[in-house]
Amino acid sequence: MVLNILGQIIGFVGSLCLLLFGMNMLSDGIQKGAGSGLQKLVSKITKNRLFAILTGIGVTALIQSSGATTVMVVSFVNAEILSLEQAIGVIFGANIGTTVTAWIVSMFGFNFSVSAAAIPIFGFGFVLKYFKKFKIHNFAECFMGFALLFMGLGLLKESLTLGPAATKAFTMISELGIWGIVIGVLIGAIITALIHSSSAMTAIVLTMAANGSLSWALSAAIVLGSNIGSTIDAVMSSFGATTNAKRTAFVHVAFNVTGTLLALIVFKPFLALVDLIIPGAPADNITTHIAMLHTIFNLCATLVFIPFTNQIARLAKKLVPESQKEKDEHYHMPAIIPHSRMSSDLYTVQIQVEISKMAAKVMEMYDEICSSFSNSDKIEESNETINRLENYIDEMCVAINDFLQKCSRLPNANANDRLHFSKLIHITDSLENLSDETWSIMHTVKKYIANEAYNQDDERTKEITDYLELIRVFFEQVCMYFTVGITKEQRDSGEKFREKNDEIKHNLNQASRKRIEAGIEVSKELLYVDIIRKIERAGYSIWSITQSM
């Protein structure tokens with residue numbers, strides 16, 4: 001008896017793991033096959049609420065994971081690509097898109113031998129791996145994952161044939177009335193949060209209901225509870241993220257919890273509505289009833305809340321205020337923690353935004369130096385600003401590089417992804433080197449301006465400011481290349497800049513030697529030479545960024 005129960009538990013756990021593995025492989029396969037297409041689709045959402053909902057439905061239906069879609073949306077809000085209002089529509093759509101799994105299981109999982117269909121599908125996916133020339137090998141995991149999903153479902157059907165004692169326990173819960181419904185909701189929420197998949201939880205409910213272990217009402221309650229448990233991915237992805245990303249996760253939780261509570265208030269009329277749409281008694285076609293309930297619940301919840309998108313966003317901003325942590329002078333990495341289920345392209349989008357911010361901070365430092373020559377009275381203030389920014393950029397470099405190293409270790413990161421992450425690390429290091437050189441230039445400029453013989457109209461001062469401006473213009477171009485991409489011609493122009501940078505430094509040093517030979521003040525001239533040397537090194541740091549693009 002004990003061995004039979006133990007065997008049944010092990011069989012259930014094994015089949016559930018196979019089902020989850022199949023879903024993850026299916027999701028990874030579609031994301032790899034689509035490349036960055038899904039991320040670009042989500043990132044280009046307009047303020048049109050209907051289009052945002054349709055995008056959420058489409059992406060979730062494709063990758064079979066509302067959690068993955070929500071993490072994607074939270075990430076884009078975190079990277080300031082999407083606004084909170086835009087993200088709300090996608091979240092609503094993601095909840096509707098997740099009902100596709102229920103319909104697949106309901107329509108195909110119980111009407112024929114899923115294992116018979118799974119084997120040829122898996123074989124087709126395996127063969128597809130070797131068609132790399134046609135660039136369709138990335139979809140291999142999609143077919144293999146779909147096959148494993150079917151196989152896991154078939155094993156789940158066999159392992160969830162519960163004995164009389166377990167069936168009686170569920171019957172007792174069903175007979176508790178409203179408390180039984182509440183217990184069902186809690187069961188659905190807790191188990192879904194543990195396995196991180198409302199789709200898998202729905203498959204379990206459909207299987208148990210088809211085997212006669214769950215009543216229609218208890219099945220409905222567990223499915224409603226799974227909507228609450230599915231928010232766990234959004235909550236976890238918001239840890240350490242920006243305030244707006246946390247607000248997005250809050251909206252997802254609030255939407256699913258509120259929708260479930262409203263459904264519980266009208267629970268019996270809700271079930272009656274499903275019975276009216278699906279002909280026949282629930283016991284005769286319970287899997288279709290459950291799939292329809294899941295769909296109607298998410299459709300109705302979306303229709304109720306979508307007119308109040310702006311009001312929901314304002315409420316989220318009030319309930320989740322900006323933390324002091326985001327306002328202080330120290331850098332805090334806002335990017336979402338790397339998740340093994342997400343495409344590495346998603347993290348590239350996040351980190352490029354942060355590197356762009358880092359470049360903007362370096363530019364702010366550089367502008368302080370350029371302005372210090374025309375505002376020499378504020379040299380101390382400029383020096384303090386540069387010291388503060390340099391410390392901030394050092395913190396950014398450490399945090400960004402640490403994040404990139406974690407991304408390169410993700411199991412779904414391929415060789416190209418790791419190479420790209422390595423290039424981003426090099427760009428970050430080059431920006432940090434540029435900030436160090438800028439700080440060093442400021443240190444020398446401060447001495448240069450403090451000299452009693454300093455003259456704003458002096459020939460040497462003009463040569464320094466012209467050289468600084470040349471470097472600044474090139475830095476602006478490189479920042480633009482990082483945002484929109486760099487062509488071969490633009491990279492070649494970087495080589496020409498490096499040669500010009502060397503030539504300018506050489507010419508200015510020769511002019512300096514002539515002034516020294518003519519008897520000019522040596523101490524002042526040495527400061528000039530030191531500044532020129534450091535500007536040349538700053539230009540080299542900028543040039544090295546172009547080599548990593």
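Is Lys446 buried, exposed or partly exposed, and what is its relative accessible area? Lys446 is partly exposed, at 26% (buried means under 20% relative accessible area, exposed over 50%, partly exposed in between; 1.4 Å probe, protein chains only). The model is predicted: local features need pLDDT of at least 70, side-chain atom pairs count only at pLDDT 80 or more, and totals for chains, interfaces and linings use all residues. Residues are numbered from 1 along each chain as its sequence is written, and side-chain values use heavy atoms, with hydrogens and water left out.

**View A. Lys446 pairs with Glu380 in a salt bridge.** The closest N and O atoms are 3.3 Å apart (a salt bridge is a side-chain nitrogen of Lys or Arg within 4 Å of a carboxyl oxygen of Asp or Glu). Lys446 lies in helix 20 and Glu380 in helix 19, so the pair ties together parts 66 residues apart in sequence (helices are DSSP runs of H or I, at least four residues, numbered from the N terminus). Glu380 is partly exposed, at 42% relative accessibility.

**View B. Lys317 meets Glu85.** Their side chains form a salt bridge of 3.5 Å, N to O. Lys317 sits in helix 17 (residues 309-319) and Glu85 in helix 5 (residues 84-97), so this pair ties together parts 232 residues apart in sequence. Lys317 is partly exposed at 36%, and Glu85 is partly exposed at 27%.

View C. Asp466 is partly exposed at 43%, whereas Lys462 is exposed at 51%.

**View D. Val77 is buried in helix 4.** Its relative accessible area is 2%. Val77 touches residues including Leu82, Ala87, Thr242 and Thr248 (contact means heavy atoms within 4.5 Å). Val77 and Thr242 are 165 residues apart in sequence, yet 8.4 Å apart in space, C-alpha to C-alpha.

**View E. The largest nonpolar core has 58 residues.** Such a core is a set of buried Ala, Val, Leu, Ile, Met, Phe, Trp, Tyr and Cys residues joined through side-chain atoms within 4.5 Å. Ile400, Ile464 and Ile535 have the most contacts inside this core. Helix 20 gives the most to it, with 11 residues. Ile400 touches residues including Tyr331, Ile355 and Thr428.

Note on methods
Helix = DSSP H or I, 4+ residues; strand = E, 2+ residues; numbered from the N terminus. Lists of a residue's contacts leave out its neighbours within four places in sequence.
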